Amino acid sequence: MSISDAPEKEAPPVRTSSIADPFGPRQWHSQMVKLAGKNRALNEFSVERLDEAQDHNLVMLHGYGAGLGFFYKNFEGLSRVPGWKVYALDLLGMGRSSRPPFRVHSKDRQQSIAEAEDWFIDALEEWRVKKNIDRFTLLGHSLGGYMAVAYSLKYPGHLNKLILASPVGIPEDPYAVNAEMPDPSTSTLPNEYTQDQATVTEQSNPNIPDTAKTTGDNNNFLNARSKAQISRQSGDDTTPSAPRKPLPKWLTYLWDANISPFSLVRWAGPLGPRFVSGWTSRRFSHLPPDEAQVLHTYAYSLFKQRGSGEYALAYILAPGAFARSPLIRRIQGVGRQMITPDGSTTSSIAEAQQRRERGIPVVLMYGENDWMDIAGGYAAQQKINEEKERIHKSSTPEEKTKDLGAAKCLIIKRAGHHVYLDGWEEFNEIMRQEMMDVSGQSRDR
């Protein structure tokens with residue numbers, strides 16, 4: 001994909017008036033934001049509230065095999081909150097962003113994982129600096145959630161809140177983290193391709209009591225909080241909340257060879273749309289036919305593009321979507337990093353001048369029928385809150401009062417892995433509440 005500075009290549013903003021738009025006036029704009037280096041740019045879509053101060057920013061990151069267009073059910077609803085500007089970004093090398101060649105130079109296992117993560121999060125940080133955004137709320141779905149955590153750890157001091165929608169890579173799997181062991185043979189990942197969303201969104205999970213389908217600390221999916229505590233105590237963080245299914249040997253082979261499923265679509269030529277339709281027909285079966293068709297066309301238009309960021313996946317995840325560097329090992333550091341007055345973590349400024357982040361709220365959301373490991377979310381919640389308690393043992397009363405760190409798990413009713421799409425109305429309502437919470441905290445400072 002070529003990048004052009006020509007003005008005629010830019011899509012003009014679309015504006016709505018307060019007469020036609022009950023939550024307007026608003027401006028909707030799509031543009032490519034150029035980054036340093038050859039063929040590096042992020043595709044950005046934004047919704048801006050006009051005639052009022054823009055005090056807060058929400059940035060949304062999509063998952064693997066998706067693009068910012070998948071958030072089409074959320075843009076209008078989330079941009080209703082006064083004082084907020086909503087951004088959605090295509091990750092570098094994915095969606096409609098530019099697709100430079102992906103390369104990992106290190107032969108060291110951990111360093112190669114870090115390089116793959118940096119491919120995405122360094123581009124996000126460069127975008128933030130270029131947009132002159134100091135602080136923002138970051139929402140990431142699936143792989144976007146994984147990258148959101150990685151970003152918060154490498155570039156601290158810029159987030160007001162971290163929202164993880166069915167994030168990949170939290171629980172630990174011994175096969176995924178040990179290079180000497182074979183790759184996992186079973187996973188909940190096949191559910192992404194076999195679940196019919198019409199069934200997912202029309203049926204309530206009979207294994208979940210109604211008391212669990214609320215928000216806040218009482219929202220305990222399949223007693224997953226207790227399972228997470230037990231698994232933590234026993235050293236086993238692998239308790240699944242969705243059925244594991246055997247991984248086909250051909251999938252494991254292609255994964256290890258770093259041959260992405262999108263390569264098969266590209267190799268198929270004119271048969272590519274038929275390959276894609278098998279997934280999209282199930283994935284969007286709960287949507288009106290016209291919306292499902294548009295999303296199918298959109299998905300295929302992304303899948304057929306030149307491979308780029310997709311090749312990072314094999315370095316980050318083992319077959320079956322288990323992280324090679326699980327977030328459960330490091331998520332407690334979110335909002336707890338040491339930063340310097342110049343905003344860096346590597347500055348030569350004396351240690352005495354450094355300060356520790358005072359915590360940020362972390363929200364984890366899962367679908368009622370999610371194939372992602374929800375128990376991992378409760379384990380992350382517990383670990384984040386335990387870290388807060390540990391720090392408070394040596395904190396002053398004033399430091400404790402100013403500490404904003406906390407974590408909670410929420411369940412979106414009658415939704416699968418794509419919570420923002422399957423249960424978009426409840427998702428949007430929860431998001432608005434979280435955004436207004438950020439607004440309230442800034443007024444109280």
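Tutor: Happy to! Let's begin with Lys-402 and Glu-398, whose side chains meet in a salt bridge at 3.1 Å, N to O. A salt bridge here is a side-chain nitrogen of Lys or Arg within 4 Å of a carboxyl oxygen of Asp or Glu. This is a predicted model, where local features need pLDDT of at least 70 and side-chain atom pairs count only at pLDDT 80 or more, while totals for chains, interfaces and linings use all residues. Residues are numbered from 1 along each chain as its sequence is written, and side-chain values use heavy atoms, with hydrogens and water left out.

Student: Where do Lys-402 and Glu-398 sit in helix 14?
Tutor: They are four residues apart in helix 14 (residues 397-402), so about one helical turn separates them. Helices (H or I, at least four residues) and strands (E, at least two) are DSSP runs, numbered from the N terminus.

Student: And is Glu-398 buried or exposed?
Tutor: Glu-398 is exposed, with a relative accessible area of 51%, and Lys-402 is partly exposed at 42%. The cut-offs are under 20% relative accessible area for buried and over 50% for exposed, with partly exposed in between (1.4 Å probe, protein chains only). Elsewhere, salt bridges that share partners join Asp-21, Arg-26, Glu-76 and Arg-80 into one network.

Student: Nice. How many salt bridges does the count come to?
Tutor: The count is 22.

Student: Which residue does Arg-99 form a salt bridge with?
Tutor: Its partner is Glu-310, with the closest N and O atoms 4.0 Å apart. That pair links distant parts of the chain, 211 residues apart: Arg-99 is in the loop between strand 5 (84-89) and helix 2 (109-130), and Glu-310 in the loop between helix 11 (289-303) and helix 12 (313-316). Arg-99 counts as buried at 5% relative accessibility, and Glu-310 is buried too, at 4%.

Student: What about Glu-387 and Arg-390?
Tutor: They form a salt bridge as well, the closest N and O atoms being 2.8 Å apart. Both lie in helix 13 (residues 374-392), three residues apart, about one turn of the helix. Glu-387 is buried at 15%, whereas Arg-390 is partly exposed at 49%.

Student: Changing topic: where is Thr-137?
Tutor: Thr-137 is in strand 6 (residues 136-141) and is buried, with a relative accessible area of 1%.

Student: Which residues is Thr-137 in contact with?
Tutor: Leaving aside neighbours within four places in sequence, Thr-137 contacts Asn-57, Leu-58, Val-59, Trp-84, Asn-160, Lys-161, Ile-163 and Val-438. Contact means heavy atoms within 4.5 Å.
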